[in-house]
Amino acid sequence: MRLTQADLFAQDDAERNTLLQSQRAAIRSRLEATLARLEATATFPWHDPLDAVHQENRFQRDTEILGEEGAVLWARFDKEMDRLYSTQFSPNARATG
């Protein structure tokens, strides 16, 4: 696979920030895998709260790179995180966990 690098001194930010289709596909695949993991679990998959924060930050950065497509993925992620946060602090989750 041959990688190309955009002109770092280009005046046009769009040219500098353009992703190859393979890069977009790799990012999309990673985000979809994270979403599948969250949707399949009833509790946080991370034991350390900082891990959840790191994952959330990374997910958000990656969705920003994808633009409108990323916004849809971010909305799904945000919904799942809200669901998981609510189960973490609910009395039922503590009784079963």
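Predicted model: local features only at pLDDT ≥ 70, side-chain atom pairs only at ≥ 80, totals over all residues.
Residues are numbered from 1 along each chain as its sequence is written, and side-chain values use heavy atoms, with hydrogens and water left out.

Helix α2 covers residues 21-39, and its 19 residues reach 26 Å from the first C-alpha to the last, close to the 27 Å expected at 1.5 Å a residue; the expected span here is 1.5 Å times one less than the number of residues. Its buried residues are Arg 24, Ile 27, Leu 31, Thr 34, Leu 35 and Leu 38, where buried means under 20% relative accessible area, exposed over 50% and partly exposed in between, with a 1.4 Å probe and protein chains only. Seen down the axis of α2, these buried residues fall within an arc of 100°, so they line one face of the helix; the arc is that of the directions from the helix axis to the C-beta atoms. What covers them includes α3 and α4, with contact taken as heavy atoms within 4.5 Å.

Which residues of α3 are buried? They are Ala 52, Phe 59, Asp 62, Thr 63 and Leu 66, and they cover an arc of only 100° around the axis, which puts them on the same side of α3. The cover over these buried residues includes α2 and α4, while the face of α3 turned away from the buried side carries the exposed residues Leu 50 and Glu 64. For Glu 64 the relative accessibility is 57%, and its C-alpha atom is separated by 8.6 Å from that of Trp 74, 10 residues apart along the chain.

The two ends of α3 also deserve a remark. At its start, a side-chain oxygen of Asp 48 reaches to within 3.0 Å of the backbone nitrogen of Leu 50, and just after the helix Gly 67 takes a positive phi of about 70°.

Now to the charged pairs. Side chains of opposite charge can pair when their charged atoms come close. How many salt bridges does a search of the whole structure find? The search finds six, a salt bridge being a side-chain nitrogen of Lys or Arg within 4 Å of a carboxyl oxygen of Asp or Glu.

In one of them the side chains of Glu 69 and Arg 28 meet at 2.3 Å, N to O, and this pair links distant parts of the chain, with Glu 69 in helix α4 (residues 68-88) and Arg 28 in helix α2, 41 residues apart. Both are partly exposed, Glu 69 with a relative accessible area of 29% and Arg 28 at 27%. Arg 28 and Glu 69 also belong, together with Arg 24, to a network of salt bridges.

Since Glu 32 lies in helix α2 and Arg 76 in helix α4, the pair ties together parts that are 44 residues apart in sequence.

Finally, the aromatic rings. Five aromatic pairs are counted, the rule being that rings of Phe, Tyr and Trp (its six-membered ring) pair if their centres lie within 6.5 Å, with planes under 30 degrees apart counted as stacked, over 60 as edge-to-face and the rest as tilted. Phe 59 and Phe 77 form a stacked pair, 4.1 Å centre to centre and with 15° between the planes. Phe 59 lies in helix α3 and Phe 77 in helix α4, so this pair ties together parts that are 18 residues apart in sequence, and both residues are buried. Elsewhere, ring pairs link Phe 44, Trp 46 and Tyr 85 into a cluster.

Methods
Helix = DSSP H or I, 4+ residues; strand = E, 2+ residues; numbered from the N terminus. Polar contact = N/O pair within 3.5 Å; in protein donor to acceptor, adjacent residues only side chain to side chain.
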